[in-house]
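Subject: Structure handover

Hello,

Here is the structure for you to look through. My notes follow below it.

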Amino acid sequence: MTALTCEALRDDIISLLYDDGELAERSRAREHLAQCVACRIEYADLKGVRKSLGTWSLPVPAEIAPARTTPKWLHTGFAAAAGLALGIGITTAGRGLLSPVAPAPQTASVTAPAGTSSQTQYVSFEQFQEALKAQDARHSQEIERLRQSLVQNSGSAPAGPIRVSDGSAAAFERMLRASEERQTRAFEARLVGLRNENDLQRQYDMAQVAAGLAYIDSRTGADAARTSELMKNLVRVTAKPQDR
Amino acid sequence: MLNPAQMSDEQLVEAFQAGHLAAYDELVSRWQGKIRGAVWRVLGSTEDAADITQEAFLRAFRGLKAFKREAKFSSWIYQIALNLCRDALRRKKGKSYVSLDEPEPEIPTLVSKSPSPLDRSEGSQVAERVRQAIQKLSEEQREVIILKEYEGLTFAEIAETLGLPTSTVKTRLYRGLVEMKQHLAREGVTSAMSIPDSNAS
């Protein structure tokens, strides 16, 4: 392959390198590369340069928090709902221990009898209710046993229903406080972002206003000059002949 | 006027020329990131990039009424920004944004695999070398490489932006890449790319 041909096909090789330009150019380049080792090596080198170029990325601009897509009350609502759910969870979990009458369980599962397949079994509503009652009774017995063992260990029976311990309430309080702090931090970060955004917008608006004012100034100046010129002409035309 | 976000650049320019100033806001938000990136790469300075980008859009705002819609808005705004870059570089001629006397750390060879933290650190060193090498290119080559490699413009769009024939764009690109290869090789940066077989793609 002559150097002249290689030189002449350089543009086509660039088209192939960037997959841009006419299809015919790229086809010519492919055909040439298939025959010319020197150009194949150069093509690989140029691809390598392109790969290196790809490592240079723009610096990350000062991060501006994305626009809030959910209203603030929703976040607060979630936190409150989570707190409430947690509270209910604690209370519900505790009720079995607190009250001699076991409450209806939140969820129930029907366990397959031993020796049967572990696949999901479909049962009638009555069977399900019975299974629930049986499980309820089993849990009540377990709770009762636990209570008795607690009484024996402490040496005295509890006077009444046990309250949720102060420790749990404090932990719940702490969690709520942490959640509130997180919300506050997120809100402040958003505020900073908004402030930056506003500053940029303000600078841009000021520049636009300045450009507009400059334009108006130039127009006003030209108008004033023209008016003055007209007035002078008017005065000259209307002046008495002896005054001219 | 339609929702500006759903309009093409051409429609936005038309709307602006018909007196809908809001159309310009959409053009600005659509293009300022790209323009700022291109300016930053040409100048190698983030502060100047912000100023020049702002100035470019200000000039575009002033000139958009008289803008003939034969050219694309994107080509036109790139053109304005690149002209401002050239002015800025001329003003700062003699001042280099890059210290050429920096101590030379060991430069690794790029290899193709998923990046580990070490690779990322090495990648950033390569990126720095690339940045320096680009700054060493002539203005003409640098502009073409930036518009093609980083802005993703087609040869035709670059030709329109720079007011050059497509063949000149390709020649500048080729020469720029060859120079980049030499600069990078001197800095010890080589990218391992396999030589294509006879069925090059």
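Y24(B) counts as partly exposed because 19 C-beta neighbours lie inside 10 Å. (A residue is buried with 20 or more other C-beta atoms within 10 Å of its own, exposed with 12 or fewer, and partly exposed in between; C-beta atoms are placed from the backbone.) This is a predicted model: local features need pLDDT of at least 70, side-chain atom pairs count only at pLDDT 80 or more, and totals for chains, interfaces and linings use all residues. Residues are numbered from 1 along each chain as its sequence is written, while chains are lettered from A and ligands numbered from 1 in the order in which they are written.

Y24(B) sits in helix α2 of chain B, residues 22-43. (Helices are DSSP runs of H or I with at least four residues, strands are runs of E with at least two, and both are numbered from the N terminus.) Leaving out residues up to four places away in sequence, Y24(B) touches F16(B), F61(B) and L64(B). (Contact means C-beta atoms, placed from the backbone, within 7 Å.) L64(B) is 40 residues from Y24(B) in sequence, and their C-alpha atoms are 9.1 Å apart.

Next, a helix pair in chain B. The axes of α3(B), residues 46-63, and α4(B), residues 73-91, come within 9 Å and cross at roughly 130°. (Axes are lines fitted to C-alpha atoms, for helices over the stretch in contact; angles run from 0 to 180 degrees between N-to-C directions.) The two helices are therefore oblique to each other. (Under 35 degrees is roughly parallel, over 145 roughly antiparallel, 65 to 115 roughly perpendicular, and the rest oblique.) Residues of α3(B) in this contact include I52(B), A56(B) and R59(B). Among those they meet in α4(B) are I77(B), L84(B) and A88(B). The contact divides into nine nonpolar residues, one polar and three charged. (Ala, Val, Leu, Ile, Met, Phe, Trp, Tyr, Cys and Pro count as nonpolar, Asp, Glu, Lys and Arg as charged, and the others, Gly among them, as polar.)

Now chain A. It has seven helices and zero strands. Of its 244 residues, 10% are buried. Among its contacts with a separation of 6 or more, 58% join residues 24 or more positions apart.

Finally, where the chains touch. Chain A gives 31 residues and chain B gives 35. On the chain A side, α2 (10-18), α3 (23-35), α4 (37-53) and α7 (166-238) each give two or more residues. α4(A) gives the most, with 13 residues. That side of chain A divides into 16 nonpolar, six polar and nine charged residues.

Best wishes

Technical notes. Two residues are in contact if their C-beta atoms, placed from the backbone, lie within 7 Å.
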